[in-house]
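Subject: Structure handover

Hello,

Here is the structure for you to take over. My notes on it follow directly below.

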Amino acid sequence: MFQGGILEGQTVQINPPSTSLRLLKLSPDGARLFKTLFDREPEETDWERLVRLHEGNRFPEHTLAVLIFALHARKRGWATQILPPVEETQAVPDLAVRRGDQVLYVEVELGQKEKPIQVA
């Protein structure tokens, strides 16, 4: 999968509970190929958005928890948006989940003080 240099990724883990997720994104070469093929920039991934706007690399456990929550919400029929803009407040929730007219704003907490961890 990585031989062509189109994708790059990393595995992020939470302990406890023992949970891990392999995160993938387009490499710079992959992004150039996408732009050549589709004549537009590729969409930012949820992972990239969390890294850019929410210190995702500094707190990889929190990043993983947000992404896993979004994954489970999508599997259950909810549309998700990572770090949605919210006009009523200056605080930005970790994500919004939507189904029909129902919108819920979610702040993901790990139940422990977040600290940087080793990323494989």
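H54 touches R49, H62, L83 and D94, leaving aside residues up to four places away in sequence. A contact here means heavy atoms within 4.5 Å. H54 and L83 are 29 residues apart in sequence. Their C-alpha atoms are 8.2 Å apart in space. H54 is in helix 2. Its relative accessibility is 27%, so H54 counts as partly exposed. The classes are buried (under 20% relative accessible area), exposed (over 50%) and partly exposed (in between), with a 1.4 Å probe and protein chains only.

Two sentences on the ground rules. This is a predicted model, where local features need pLDDT of at least 70, side-chain atom pairs count only at pLDDT 80 or more, and totals for chains, interfaces and linings use all residues. Residues are numbered from 1 along each chain as its sequence is written, and side-chain values use heavy atoms, with hydrogens and water left out.

Now the chain as a whole. The secondary structure comes to three helices and five strands. Along the sequence they follow the pattern β-β-α-α-α-β-β-β. Both kinds of element are DSSP runs, numbered from the N terminus: helices are H or I with at least four residues, strands are E with at least two. The C-alpha atoms fill a box of roughly 40 × 35 × 30 Å along the principal axes. The chain has 120 residues, and 29% of them count as buried. Take the contacts between residues at least 6 apart in sequence: 37% of these join residues at least 24 apart.

Surface and charge next. The accessible surface is about 8200 Å². Carbon and sulfur atoms account for 52% of that surface. Areas come from the Shrake-Rupley method with a 1.4 Å probe; for residues, only the protein chains shown count as cover. There are 15 positive and 17 negative charges, and their mean positions are 5 Å apart. Lys and Arg count as positive, Asp and Glu as negative; His and the chain ends are not counted. Each charge is placed at NZ of Lys, CZ of Arg, CG of Asp or CD of Glu.

Then the largest pocket. Its volume is about 150 Å³. The elements giving two or more residues to its lining are strand 2 (19-26), helix 2 (46-54) and helix 3 (60-75). Helix 3 gives the most, with four residues. The lining consists of L21, L23, L24, T45, D46, W47, L67, A70, L71 and R74. A pocket is an open set of points on a 1 Å grid over the protein atoms alone, with protein on both sides within 12 Å along at least five of seven lines; a 1.4 Å probe fits at the points, and lining residues have an atom within 4 Å of one. Points are joined across faces, edges and corners, and the volume is the space filled by probe spheres set on them.

W47 is one of the lining residues. It sits in helix 2. W47 counts as buried because its relative accessibility is 7%. Beyond four places in sequence, W47 touches E8, G9, Q10, L23, L24, K25, T63 and L67. W47 and I6 are 41 residues apart in sequence and 17 Å apart in space, C-alpha to C-alpha.

V97 belongs to strand 4 (residues 95-99). V97 is buried, because its relative accessibility is 4%. Its contacts, not counting residues up to four places away, are F69, A73, W78, A79, T80, Q102, V103, L104 and V106. V97 and W78 are 19 residues apart in sequence. From C-alpha to C-alpha they are 5.8 Å apart.

Last, some backbone angles. D39 is not a glycine, yet has a positive phi of about 55°. It lies in the loop between helix 1 (28-38) and helix 2. D39 has a relative accessible area of 71%, so it is exposed. E55 is not a glycine either, and has a positive phi of about 55°. E55 is in the loop between helix 2 and helix 3. Its relative accessible area is 43%, so E55 is partly exposed.

Best wishes
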